[in-house]
Structure formats: structure tokens, C-alpha cells
Amino acid sequence: MHPKSYYIHTIGCQMNVSDSGRAALSLTALGYVPAPAIEQADLVIVNTCSVRAKAEQKAFSLLGQLAAVKARRPEMVVAVAGCVAQQEGERIRKRAPHVDLVIGTRAIHRLEALLRRLPLHPRPLVDIAMNNPPDAFAAAPPGGDAGAISRFVTIMRGCDNFCAYCVVPSVRGPETSRPPEAILNEIHGLAAAGVREVTLLGQNVNSYGVKEGNCSFAQLLEQVNAIEGLARIRFTTSHPKDLTPELIDSFARLEKLCPHIHLPVQSGSNRILARMNRRYTREHYLDNVAKLRNSCGQIAITSDIIVGFPGETGTDFEATLDLMRQVQFDSVFAFTYSDRPNTPARDLSEKIPEREKRERLQVVLALQESVTGAKNQALVGSVQAVLTEGFSKRPAAGTAQQSSRKQWTGRTPGNKIVHFLSADPSADADSIQPGRLVSVRIERALAHSLWGCLERSDASGLP
Ligand code: 5AD
Ligand code: SF4
């Protein structure tokens, strides 16, 4: 008998990427193999995002395409996981009647049991229970992705902040932190298996453990920093209102903590920040930025921005542009506001017309492009510590050095992607293994990455 095959399509944030990775490992443990294409899979999981209307549309459009496949191959199991699954539950039947399984945000850990129950159950089988199963944070089964250099480690789930535009608290439930011992055990195991970098994940890692009375997030980082074999620590995402002096200080103290923070500001206008229920001011945010840069001169700061929140005037929007000019973010994710179900902002008046929102978005993107370009350009000539991830798929287009030689790829401490060659053309491409920290001289800044030359096959002496 052929083994069953699976295909997971992931939309959305790193939490979904991480959950999909875990689901894949559970399926491997059950004897499933990856399908070569979605149409051929015995089990398709669409792991969905509903944070913005566009992401939700993407999920339903893929489900629509799968309806045709399912009509040809009725034995194919179609599962929907993640935020849209949680949001819609039974209702998904109306828009996607061919869905067999609805796996809510806290049910992905019950995948094995759900698949077992499925054959006997009328469709769809829905599990959107919000209770935390005892294994909600269980480490992924070991060995499934041998050779991984970088892994996500979930340290919390859910969110208690209720920003006015955000669907997360309703689809991901209340904030819950994982015990520190479990986190440290998992990372010890990963490091022993050769993982060099971990990214600690949560909707708001700055409030890690506060509810449970665990150690603080900064104390957790300190313990992760002591784990042997690990080279780099990253985390995401942070809420500006909860950024503590202790955490700011960690960037100066912990040598494995990468100098990068994603600190979503959303708006530069105090009036809009208040309407968004963000509970900080522009001045507080700028003060945090100054403190972060004081603690760690080379820290990269990235952000999220929403344009066209209900009631955003031209003056409010100007305040956002002004804040961007002041901070000089390394990069931003910018979005037009969209109404989401069960959020207070949906009921606000003074909605901004779509065309106006799109125009504002273009202005934000153009401003950021020039800042990012200048920041990347400023790195030309510097030597950066790069964690080698593997070979680039194709040579960096438009570079004079474009050649048939193998090209490595990796990231700087500030999370910028670097493609690099060895200065010596006869150097054996395999002499550098993925996972190695090397020194790379940056020679060229491209739009979304950097290009450089290997300087040394270690990174000693570099920050
Ligand atoms: N409309 C537009 N953007 C949103 N985000 C969250 N909710 C919405 C919404 N309703 C953005 C925020 C958040 C990022 C993950 O998505 O900027 O930080
Ligand atoms: Fe959403 Fe705000 Fe929670 Fe972030 S902090 S997940 S934006 S409610």
C-alpha cells in the first residue's frame, strides 16, 4: 500500500509557519509523506490567516480551487486550520461545503486524534475548542527536519491587548505563556541536534510570563543565551507599551541576542493611537527607540504600519510619515486598514475610502524604500557576521560577479539577507557548512538584500 501523502499551504504569520511545521512533523510520525503537488495530496491542510481581509480572501480562493480537485478526487481530505478556521467554525460549510475538517488555532495539536475520528464523523468535523490542551506547547517530534539551522520556538499563545482593529484576541484566545523549563528543554534539544538560531515566538513576548508569574522575558532570554551550541537568538513580536528597561538592557548584555527588534508602531498620531487602543504615545515610542539605540548602537528596528484607520486625517497621516523619518526604520510592513469581524474598529464611523488608503500606502512604501536603500547602502564596505543558511538558488541578478560559482546565503545580525561568494574562485563551495558563522565584506546593496564576499570562515571579533 502506498503511504498517504499530505500538502500544507500556509498563509500568514510566523506562528502559522511554526504550527504548519509541527503539523508536518506529526504527519511524518503517522507515516504520511509530502505530496509532490497539492492536487495529488491525500490530505490538504490550508493553514489560514484572518488578520487582514486580503489574507482571508486568499484562503477562500485556494479553497475554491480545491473544490474542483475534490470533485474529481472525493477521497481527498480538505482541512482548514488557523485563524479563519477558528473564526468561521461550522459556518465554513456555507462558503466551502467541501471542507472535511476545521482545525481551530488551539486544536492543531489534536491533529492525529482528529484524523482518527474523521472517517466516522459527518462532515465537516469541527474542533475550535479554545481550552489549552495539556500539550499545547509540546515540542515538535524530534528528527523530522534534521539539518535545520534556524527554528521557531513558541513561547506564548494568544493576546490580551485588544487593539481596536485586531482579530487576534478573538481567534487566538487569551494570552498564555509556556513554562520556562519546557522552553529551555526544547531549545537544549534543538541545539544538541545542530540548530544554531532560535526565534522565540509570541503575539507580545514582552509580557511573557507576567500572568503566570514565570520569570520575565529578559530573564528567559538570559537563560537561552547560556545554552551551548546556540549561536543566535531572535524574538518576535513586541508591543511598545510593554518594552521594559530590563529587555532594552538585554541587547547590550547578551552576546547571542541579535541586534534587531520588530516594534510595531502602527501610527505616528497620538489621536489615532488612542483610537486604536494601543496605550502608548508617539513620544513614548520615540523614547523607546532612543533607549534601544543607546543600549545597542547598531540595533535594527523594524515596524508595522496601518494606513487609513477610521478617522485618520491628512494631519494624522503626516504624523506617521514624520515618525518614520525620525526613526529611520530598517524596514516596515505597511497595510491598508481593513474591517475584521468582532473588532471594535469595525463599528467606528469615518471610514477612509479604499482609493485614499491605497494612495497613503504608496506614500509610506516609497518613503520606506528610500530609507531602506540608504541603510543598506551604508553597510557597503563593512564586514558583517553572517549565519550561513545554505546555497542561494540563483546568482544575485545584476551583479557584476554573477557567475556559475556557487553562492552562499545567510543573514546579518540585523536580519538582512546576504548572498556571498568566496573571494578565491578555487575555494571549495562545500568547505563552508550551513550553520557556520562567517565574516562577509558587503560589496553591494540590492533592493531587498546585500551582496558580498567571504572575508573569513569565522566571525570572531565581530558583534
Ligand atoms: N487592518 C490592517 N492591518 C492590520 N493589522 C492587524 N489588523 C489589521 C487590520 N484590521 C496589521 C498590524 C499588525 C500586523 C500583523 O497586521 O499592523 O501589526
Ligand atoms: Fe493584535 Fe494588538 Fe494583540 Fe498585536 S498586540 S496581536 S495587534 S491585539
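I began at serine 338: one of its backbone N or O atoms lies 2.7 Å from a nitrogen atom of ligand 1. I call that a polar contact, a pair of N or O atoms within 3.5 Å. The model is predicted; local features need pLDDT of at least 70, side-chain atom pairs count only at pLDDT 80 or more, and totals for chains, interfaces and linings use all residues. Residues are numbered from 1 along each chain as its sequence is written, chains are lettered from A and ligands numbered from 1 in the order written, and side-chain values use heavy atoms, without hydrogens and water.

I looked up cover next. Alone, ligand 1 exposes 410 Å², and the protein buries 87% of that (Shrake-Rupley areas, 1.4 Å probe).

I then checked two other contacts. A side-chain N or O atom of arginine 52 is 2.6 Å from an oxygen atom of ligand 1. A polar backbone atom of tyrosine 165 is 3.0 Å from a nitrogen atom of ligand 1.

Which elements give two or more residues to the shell around ligand 1? I found strand S13 (300-307) and strand S14 (331-336). Strands are DSSP runs of E, at least two residues; helices are runs of H or I, at least four.

I listed residues around ligand 1, with a heavy atom within 4 Å. Among them are Val51, Gln266, Asp304 and Arg340.

Last, I turned to two helices. The axes of H8 (residues 217-225) and H9 (residues 245-253) come within 8 Å and cross at roughly 20°. The axes are lines fitted to C-alpha atoms over the stretch in contact. H8 is therefore roughly parallel to H9, a term for angles under 35 degrees.

Terms used:
A polar contact is a pair of N or O atoms within 3.5 Å; within protein, one must be able to donate a hydrogen and the other to accept it, and residues adjacent in sequence count only if both atoms are side-chain atoms. Axes are lines fitted to C-alpha atoms, for helices over the stretch in contact, and angles run from 0 to 180 degrees between N-to-C directions. Angles under 35 degrees count as roughly parallel, over 145 as roughly antiparallel, 65 to 115 as roughly perpendicular and the rest as oblique.
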